[in-house]
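The entries follow in the order in which I took them.

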Amino acid sequence: MYRFVFSQVLSRLDAEDAHHLTVRALRALSVMPVVKRLLHRSLAPRDPALRVQAFGVHFPGPFGLAAGFDKDAGCVEAVSALGFGHVEVGTITAHAQPGNARPRLFRLVGNRAIINRMGFNNAGASAAARLLSRPRGVPAIVGVNIGKTKVVPESGAVDDYVTSARKLAPLADYLVVNVSSPNTPGLRDLQAVELLGPLLRAVKEVADATPKRTPLLVKIAPDLADDDVDAVADLALELGLDGIIATNTTIGRQALTGAERDLAQQSGGLSGRPLKARSLEVLRRLRARVGDRLVLVSVGGVEDVDDVWERLLAGATLVQGYSALIYEGPLWAHRVNRELARRLRRHGVVDLRQIIGRTAA
Ligand code: FMN
């Protein structure tokens, strides 16, 4: 059914128009209490074997929606009702900003991939805080991903992140410092440990001071050299962070195949299937470096239960996806959860901890 709707309707719309249409539909759903609850009852993960605990938070399942879909935290309930075990909202910046000029979102259907150069379009931290403060009709685990406001120079980056953290950390189940999106000039330079250390220290102070102590994670790029991945992992351990999210989109185009290579010239971050191998490689490297001392959240090219299974075995406690949602449709998370529960049962697994990291490199 979704494949038909995608090929006949959504794929004919401009990619960003299709996205806004979807988000508007989900927002509408969020204000329909009965429908929302019914959907949640039928689609949200229920199997106890799927439950997982990470940094003190209880997740109904390991599979969540990655940052970038719900940029303004407007549809967390609807997304949870569709079966995602958590929703990472954002990236949210201290100040509202329009993002880059359109077109800035491109589908590469043959590669099951997306290129985006959205540039953190969002309504700002205060607006997101207002939405996140509203009572919820269905349970939702919400991570809040924060980034740097574009017009703020590197010298003001720490204060800018701290402003967002102050407004949003108290409302988040976990907080993410995003230093890995390719579409804000200079942002990825903040991954260098000399800059990243002071930034994470300052945000951690804010996160630690919330009533429940908000867990703090950092999200990294797949384009980091292996030594730099290790350096960020060591820094995260040294600072007592709760975890690492790997990975964001890539500026590399080598994994693209076929006729869509012409779209490869579009600038921006590439996500989806072509990112799968590198994302898995970074996860394995991180696991080898930190073992189970940090929670690893794996994202990049996850399409189905096989991918989720592989990431869990490689050491991820949580797994996220975004691009495949566009190709698989609204029942994607529910399907992944159902198949994962079946597979766990087949393997006699009653607790996800039995398989996490079992085949770490
Ligand atoms: N990641 C962020 O940390 N912040 C963002 O604002 C953000 N925006 C995104 C927008 C789009 C359209 C896409 C496709 C991805 C975005 N991402 C963002 C990256 C995703 O969260 C994820 O790390 C990446 O897409 C890899 O996962 P995937 O292959 O399942 O899509």
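**Entry 1**

I began with what covers the buried residues of α10, and found that the cover includes β3 (63–65), α9 (276–290), β12 (295–299), β13 and α12. I note here that this is a predicted model, and I read every value below as computed from it.

I then asked myself how many of the residues of α10 are buried. Seven of its nine residues are, and the helix is therefore mostly covered. The buried ones are V305, D307, V308, W309, R311, L312 and L313, a list that includes charged residues, Asp and Arg being counted as such.

At the two ends of the helix I looked up one feature each. At the start of α10, a side-chain oxygen of D304 comes to within 3.1 Å of the backbone nitrogen of D306. Just after α10, G315 has a positive phi of about 120°.

**Entry 1: α10 against α12**

Next I took the pair formed by α10, residues 305–313, and α12, residues 332–346, whose axes come within 9 Å and cross at roughly 55°. The two helices are therefore oblique to each other, and their crossing is right-handed. On the α10 side I listed V305, D306, V308, W309 and L312 as making the contact, and on the α12 side V336, E339, L340, R343 and L344. Sorted by kind, the residues of this contact come to seven nonpolar, no polar and three charged.

I wondered why residues three or four places apart in a helix point the same way, and the reason is that an α-helix has 3.6 residues a turn. With that in mind I went back to the α12 side of the contact, where V336, E339, L340, R343 and L344 are the residues named.

**Entry 2: V319 in β13**

From α10 I moved to one of the strands that cover the helix, β13, and picked V319, which sits in this strand of residues 318–321. Is V319 buried or exposed? V319 is buried, with a relative accessible area of 0%. Not counting residues up to four places away in sequence, V319 touches P62, F63, G64, H86, S298, V302, V308, R311 and L312.

**Entry 3: S80 in α4**

I turned to S80, which has its place in helix α4, residues 76–81. S80 is buried, with a relative accessible area of 3%. Which backbone atom lies 2.8 Å from a polar atom of the S80 side chain? I found the backbone oxygen of V76 at that distance. Leaving aside its neighbours within four places in sequence, S80 is in contact with H40, A44, V87, P139 and A140.

**Entry 4: backbone geometry**

Last, I went through some backbone angles. A cis peptide bond joins G90 and T91, with omega about 10°, and T91 lies in strand β4, residues 87–92. Another cis peptide bond joins R102 and P103, with omega about 0°, and P103 is found in the loop between β4 and β5 (105–108).

I also noted two arginines with a positive phi. Phi of R112 is near 50°, and R112 is found in the loop between β5 and β6 (113–116), where R112 is buried with a relative accessible area of 18%. Phi of R213 is near 55°, and R213 lies in the loop between α7 (193–208) and β9 (216–220). R213 is partly exposed, with a relative accessible area of 33%.

How values were computed: Residues numbered from 1 in each chain as written. Predicted model: local features only at pLDDT ≥ 70, side-chain atom pairs only at ≥ 80, totals over all residues. Heavy atoms only, no water. Axes fitted to C-alpha atoms, helices over the stretch in contact; angles between N-to-C directions. Helix = DSSP H or I, 4+ residues; strand = E, 2+ residues; numbered from the N terminus. Parallel < 35°, antiparallel > 145°, perpendicular 65-115°, else oblique. Left-handed = near helix turned anticlockwise from the far one by under 90°. Contact = heavy atoms within 4.5 Å. Buried < 20%, exposed > 50% of the residue type's maximum accessible area, 1.4 Å probe, protein only. Polar contact = N/O pair within 3.5 Å; in protein donor to acceptor, adjacent residues only side chain to side chain.
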